[in-house]
Amino acid sequence: MKTLAALALLVSTSVQAAPADEARTLLEKSVGFATVKGRGQGLAYAEFLRGELLAMGFAPADVTLTAKGDESRLHAVWRGTGEKPPIAIISHMDVVEAKAADWTRDPFVATAADGLLFGRGVADNKFDLSMSLTAIASLRREGFKPGRDVHLFFSGDEETDGLTAAPQALEAKAAGVVMVLNTDAGGGELDDAGRPLGYGLQAAEKTYADFTLQLTGPGGHSSRPTGDNVITRLSAAAARIGGHKFPVALSPITRGMLAEQARRRTDALGGQIKALLANEQDAAAIAALTADPGTVGLIRTTCEPTIFEAGHAPNALPQRASLIVNCRILPGTDVKAVQATLTELAGDPAITVKPVSDWPATPASPLTPEITGAVRKAVQARFAGLEPTPDMSAGATDSVFYRAQGIPSYGVSGLFMRSADAFAHGLNERVPLAAIAPAVEHWRTLIRETAK
Ligand SMILES: [Zn+2]
């Protein structure tokens with residue numbers, strides 16, 4: 001009996017596809033679900049992933065699907081020995097809308113051409129979702145037993161409302177999760193010859209916040225001006241806000257990012273970045289970095305007027321004017337403090353300043369030896385000597401909800417590609433087929449290192 005069982009095991013192992021083939025199949029199947037909000041396939045994809053997890057040997061009791069249409073979410077627990085507190089790996093299942101008529105190929109059929117795999121979500125975020133899941137499957141087959149529980153959270157609406165990640169972050173907190181690996185951020189960049197330019201370990205995000213400024217007045221006939229025009233007054237406020245410079249504040253993460261930029265650049269801006277790193281008060285350097293769209297967001301909070309609406313007729317004094325101001329707030333800065341600055345800049349007690357969106361403000365996650373060591377090992381297994389650099393992104397991922405709960409969260413994607421191939425959210429989204437095998441290996445290393 002024993003011999004037969006061993007033989008059966010041998011057979012089942014040998015028919016198992018190589019992890020890279022397995023990962024590609026999972027990615028291709030994943031792209032086939034049009035998980036765009038409103039298309040109604042969110043639950044079907046969550047059910048599909050649940051089936052994958054059960055096939056990998058997860059106990060049914062450890063896989064929880066919360067079914068709610070396109071706001072469905074999935075949570076699974078890979079049981080460890082419990083020697084250390086749990087960690088989590090998070091991904092989102094939804095994708096940005098793609099209009100088939102605009103694409104060269106059907107966006108919801110994964111199609112290989114010219115060494116690339118095309119499809120909506122093939123990069124963001126179904127690539128790393130599939131790579132990390134395949135890595136887990138292969139580690140489980142090999143008998144790897146984590147020293148801690150590894151929670152998997154799959155959210156359903158990261159690209160739109162972000163309603164599914166908030167409760168998941170609470171579940172993570174309740175389960176005692178102490179660190180999150182986010183598959184949806186970080187990653188490597190290649191040059192045209194396939195050489196690595198760098199790897200970003202995302203440890204912070206700017207807080208996204210919109211504010212509405214509004215002013216109303218009695219209006220009247222435009223032939224009899226009253227000297228009190230709400231457009232004139234709100235425009236003056238918009239100009240003051242647009243001209244305001246929030247204070248420069250560097251963190252260990254943005255210092256690391258700027259140092260990496262300085263290392264890569266050979267132009268004048270590179271010199272100014274070095275000057276700012278040497279002296280945070282260097283006025284010429286501040287002016288140069290502020291004038292460059294690639295660096296302005298790294299050194300300070302920014303607020304820009306983005307929508308202005310006012311008036312109702314060409315021959316009437318306006319009765320209402322409203323302005324939307326979009327702010328990207330440095331980690332650690334209170335949203336309320338930014339609101340207070342906008343109120344002060346508006347300089348008019350009649351102008352109301354109200355927050356529109358309610359994204360949580362989040363601290364930067366500390367660059368601990370545990371995470372930097374694991375990422376360095378994964379990255380250097382592929383490119384010897386390549387040192388990961390910390391990264392702060394301007395956009396918001398699901399990490400904000402975990403950081404808001406006090407759980408450090410790191411974007412550690414295994415995808416290396418040329419910036420010329422990066423079309424996430426855009427037309428003809430693609431990944432190189434050659435990126436698949438090393439990305440699975442990246443996740444295997446990361447998981448072995450962080451979950452051991
Ligand atoms: Zn994403």
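Q: Phenylalanine 33 and phenylalanine 48: buried or exposed?

A: Both phenylalanine 33 and phenylalanine 48 are buried. Bear in mind that this is a predicted model.

Q: How are the rings of those two placed, and what is the pair called?

A: The ring centres of phenylalanine 33 and phenylalanine 48 are 5.2 Å apart with the planes at 35°, so the pair counts as tilted.

Q: Which parts of the chain does that pair tie together?

A: Phenylalanine 33 is in the loop between H2 and H3, and phenylalanine 48 is in helix H3, so the pair links parts 15 residues apart in sequence.

Q: Which residues make up the cluster linked by ring pairs there?

A: Phe33, Tyr45 and Phe48 are linked into a cluster by ring pairs. The whole structure has seven aromatic pairs. One of them is phenylalanine 33 with tyrosine 45, also tilted, at 5.2 Å centre to centre and 40° between the planes. Tyrosine 45 is buried, as is phenylalanine 33.

Q: What charged end sits over the ring of tyrosine 45?

A: That of lysine 126, which is 4.8 Å from the ring centre. There is also arginine 140, which lies over the face of phenylalanine 58 at 4.2 Å from the ring centre.

Q: Switching to the largest nonpolar core. Which residues touch the most other members?

A: Leu53, Leu152 and Val412 do, in a core of 77 residues. Helix H4 (residues 126–141) supplies the largest share, eight residues. Domain 1 (15–185 + 397–451) and domain 2 (250–291) each contribute at least three residues to this core.

Q: How far apart are the C-alpha centres of domain 1 and domain 2?

A: They are 35 Å apart.

Q: Back to leucine 53. What is it in contact with?

A: Setting aside neighbours within four places in sequence, leucine 53 contacts Phe58, Val63, Leu74, Ala76, Leu133, Leu152 and Phe154. A second, separate core has 23 residues, among them Leu234, Ala238, Val338 and Ala346.

Q: New topic, serine 155. Where does it lie?

A: Serine 155 is in strand S6 (residues 150–155).

Q: Why does serine 155 count as buried?

A: Because its relative accessibility is 1%, and buried means under 20%.

Q: Which side chain is joined to that of serine 155 by a polar contact of 2.5 Å?

A: The side chain of aspartate 398. Leaving out residues up to four places away in sequence, serine 155 also touches others, including Ser72, His92, Asp94 and Gln168.

Conventions. Residues numbered from 1 in each chain as written. Predicted model: local features only at pLDDT ≥ 70, side-chain atom pairs only at ≥ 80, totals over all residues. Heavy atoms only, no water. Core = buried A, V, L, I, M, F, W, Y, C linked by side-chain atoms within 4.5 Å. Buried < 20%, exposed > 50% of the residue type's maximum accessible area, 1.4 Å probe, protein only. Helix = DSSP H or I, 4+ residues; strand = E, 2+ residues; numbered from the N terminus. Domains from an automatic or database assignment. Contact = heavy atoms within 4.5 Å. Polar contact = N/O pair within 3.5 Å; in protein donor to acceptor, adjacent residues only side chain to side chain. Phe/Tyr/Trp six-rings, centres within 6.5 Å; stacked < 30°, edge-to-face > 60°. Lys NZ or Arg CZ within 6 Å of the ring centre and 35° of its normal.
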